[in-house]
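Okay everyone, thanks for coming. Have a look at the structure on the screen, and I'll talk you through a few parts of it.

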Amino acid sequence: MPETNSIVDIRATIVQIRPVSTAVTIITLDCPAIAVAAKPGNFVNIKVSDATLPLLRRPFSIHNVRGSLIDIMVKSIGAGTALFCDKAPGSTVMVLGPLGNSFDLAGKEFDTAILLSGGIGTAPMLFLEKTLAAQGKMVINLIGGQSKEDILAENLSNCRFATDDGSAGFKGNVVELLHSELPSIKKEGPVKVFSCGPNAMLKAVARYCNEQQLAAEVSLESVMGCGIGICYGCSVEVKCQDGGLRTILLCKEGPVIDAELLAV
Ligand SMILES: Cc1cc2nc3c(=O)[nH]c(=O)nc-3n(C[C@H](O)[C@H](O)[C@H](O)COP(=O)(O)OP(=O)(O)OC[C@H]3O[C@@H](n4cnc5c(N)ncnc54)[C@H](O)[C@@H]3O)c2cc1C
Ligand code: FES
């Protein structure tokens, strides 16, 4: 997975705030230095308030890049995300990024990319889809949620849905949806899966893709502090090639890892 090397810490102006559901808001920041260097899968670490609390920055995937602007898709789940979503256009926040590695789009080993996401894990998929489409890849989005209110498919193309309650698309989880769609998708040529969502979902995705011998990468979540490899707040265990376990810092060697390395 390629790593990012041009990290900046800048005060960025919020140019737009747009709610897309009761809990989710898209926040647009003007930060040219991050926009130009960002790759799909990268994240930014944002100080959502100039006050002492919350002390730590909060990590967010880069949802989209538009010229000098980046969009962040934020789900309000606690104090930090609520403060961020309550900001007004024209206000500023400190933004550190682009951070982490990115999805590996190189190589000719796949013609079709399956972007498999759940809940707020759909956040990095728009930037990923745009980049893959520019490379001439066929893109299919498989998006899961508990019910249709959790599906965040805005601006994504070729979408198929899975909901636990059956209120949108396939009734079941997104791995079951993948299983039902895979035979027809495979007819179009070699496939690679790119996935982001709750860690429990990613474990199921990794297990399934490994069984099916599908190339797959998963973008993991963890609590983070510094975002740059100093605090050790984001350590997670992954498999080694020899079958043992090793610890990585998700902010540096992740958030994207090969599905074969996910300890399941
Ligand atoms: C690489 C990365 C990319 C992310 N991208 C996005 C994104 O694009 N959009 C988005 O809305 N969120 C994203 N997140 C999650 C986001 O960082 C957390 O939701 C946020 O930090 C919570 O802050 P808070 O102050 O609102 O919640 P807190 O008050 O800190 O926590 C509220 C509750 O959420 C739990 N929680 C906090 N952080 C996380 C986490 N990282 N994973 C799981 N549970 C957590 C806490 O344990 C607590 O139960 C990402 C996280 C990572 C690591
Ligand atoms: S968040 Fe500090 S080391 Fe990863």
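**Around the ligand**

So, β4 gives the largest share of the shell around ligand 1, four residues. Strands here are DSSP runs of E, at least two residues, helices are runs of H or I, at least four, and both are numbered from the N terminus. Before going on: this is a predicted model, where local features need pLDDT of at least 70, side-chain atom pairs count only at pLDDT 80 or more, and totals for chains, interfaces and linings use all residues. Residues are numbered from 1 along each chain as its sequence is written, with chains lettered from A and ligands numbered from 1 in the order in which they are written.

Of the 21 residues around ligand 1, Ser61, Gly78, Gly80, Thr81 and Ala123 come nearest; being near takes a C-beta atom, placed from the backbone, within 6 Å of the molecule. β4, β6 (69-75) and α2 (79-85) are the elements giving two or more residues to that shell.

Now the sheet. Which order do its strands take? It's an open, antiparallel sheet of seven strands, running β4-β3-β7-β1-β2-β6-β5, and strands pair if DSSP finds at least two bridges between them. β4 (58-61) and β5 (64-66) are at the edges with a single partner strand each, so one side of each has no neighbour in the sheet.

Last, helix α3 (residues 125-134). Seven of its 10 residues are buried, so the rest of the structure largely encloses α3. Buried means 20 or more other C-beta atoms, placed from the backbone, within 10 Å of the residue's own. Among them are Met125, Phe127 and Glu129. After α3 comes Gly136, with a positive phi near 85°.

Conventions:
A residue is buried if 20 or more other C-beta atoms lie within 10 Å of its own, exposed if 12 or fewer, and partly exposed in between; C-beta atoms are placed from the backbone.
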